Amino acid sequence: QVQFVESGGGLVQPGGSLTLSCIASGFTFGAFPMSWYRQAPGKERELVARVGTVGILTNYADSVKGRFTISRVNVKNTVYLHMNSLKPEDTAVYYCKSPAHDYWGQGTQVTVSS
C-alpha cells in the first residue's frame, strides 16, 4: 500500500525558514521522481517542486524559484522541501507525491504570518 507521511509544517514569520519531510512507503522509492504540491484555502492544488530519481534533476514553480530547494535521501525513502524567505502567500497545506502513484498523504500545514 502506497503511503506518504508529511511533517515539519508550522507557523513561521515572513522571511523565516522551514524544512518539510515526507516519508514514502509501499513502492520502490528510488525508482521514481518525487514532487511537492501545495493547496492554499480556496485555491487549486499546485505543483511546487519536482526531483528526479537520484536527486540531481530538479524543477520549481516560478513562485518559489530561488527560495525553495527539493532534495531526497533514497536510503531513507524521504524527500525534503527546504523553504527560505517565506512569504504569507506560501501559506498552504503541503503534500508530497510520486507522479506515478495516485495516492495522497494528509499533508502538513504551513502558515506564514506575523
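I took helices (H or I, at least four residues) and strands (E, at least two) as DSSP runs, numbered from the N terminus.

**Ground rules**

I worked on a predicted model, where local features need pLDDT of at least 70, side-chain atom pairs count only at pLDDT 80 or more, and totals for chains, interfaces and linings use all residues. I number residues from 1 along each chain as its sequence is written, and side-chain values use heavy atoms, with hydrogens and water left out.

**Entry 1: overall build**

I counted 0 helices and 10 strands in the protein. Along the sequence I read the pattern β-β-β-β-β-β-β-β-β-β.

I then checked the dimensions. The C-alpha trace spans about 40 × 25 × 20 Å along its principal axes. I took the radius of gyration over C-alpha atoms, with a globule rule of 2.2 Å times the number of residues to the power 0.38. For 114 residues a compact globule would come near 13 Å, and the protein agrees because its value is 13 Å.

For burial I used relative accessible area: buried is under 20%, exposed over 50%, partly exposed in between (1.4 Å probe, protein chains only). Of the 114 residues, 41% count as buried.

A contact means heavy atoms within 4.5 Å. Among contacts with a separation of 6 or more, 53% come from residues 24 or more positions apart.

**Entry 2**

Strands of a sheet pair through backbone hydrogen bonds, either parallel or antiparallel. I call two strands paired if DSSP finds at least two bridges between them.

I traced an open sheet of 6 strands in the order β2-β10-β9-β4-β5-β6, with mixed pairing. Its edge strands are β2 (10–12) and β6 (58–60), and each pairs on one side only. The twist averages 25° from one strand to the next. For such angles, axes are lines fitted to C-alpha atoms (for helices over the stretch in contact), and the angles run from 0 to 180 degrees between N-to-C directions.

I looked at β4 (residues 34–39) and β5 (residues 46–51): they run antiparallel and are joined by 5 bridges. Tyr37 stands opposite Leu47 in β5.

Back to Met34: this residue counts as buried because its relative accessibility is 0%. Its C-alpha atom is 6.7 Å from that of Gly52, 18 residues apart along the chain.

**Entry 2: the sheet of 4 strands**

I traced a further open sheet of 4 strands, in the order β1-β3-β8-β7, with antiparallel pairing. β1 (3–7) and β7 each have a single partner strand, so one side of each lacks a neighbour in the sheet. Direction ignored, neighbouring strands here are turned by 15° against each other on average.

β1 and β3 pair in the antiparallel sense over 5 bridges. Ser7 has Ser21 in β3 as its bridge partner.

β7 and β8 run antiparallel, joined by 6 bridges. Thr69 stands opposite His82 in β8. The two strands form a hairpin with 4 residues between them, and Asn77 in the turn has a positive phi of about 50°.

I also compared the faces of β7 (residues 68–73). Phe68, Ile70 and Arg72 make the covered face, while Thr69, Ser71 and Val73 make the uncovered one.

**Entry 3: the disulfide**

A disulfide is a covalent bond between the sulfur atoms of two cysteines. My rule was a pair of cysteine sulfur atoms within 2.5 Å. The count comes to 1 disulfide.

Cys22 is joined to Cys96, S to S 1.7 Å. The pair links distant parts of the chain: Cys22 in β3 (residues 18–25) and Cys96 in β9, 74 residues apart. Cys22 is buried at 0% relative accessible area, and Cys96 is buried at 0%.

Which side chain makes a polar contact with the side chain of Asp90? I found that of Arg67, at 2.8 Å. Asp90 is in the loop between β8 (78–83) and β9 (92–97). Asp90 counts as buried, at 0% relative accessibility. Leaving aside neighbours within four places in sequence, Asp90 is in contact with Arg38, Arg67, Phe68, Ser85, Val110 and Val112.

Thr108 lies in β10 (residues 108–112). Thr108 is buried, with a relative accessible area of 9%. A polar atom of the Thr108 side chain lies 3.0 Å from the backbone nitrogen of Gly9. Not counting residues up to four places away in sequence, Thr108 touches several residues, including Glu6, Leu20 and Tyr94.

Note on methods:
Polar contact = N/O pair within 3.5 Å; in protein donor to acceptor, adjacent residues only side chain to side chain.
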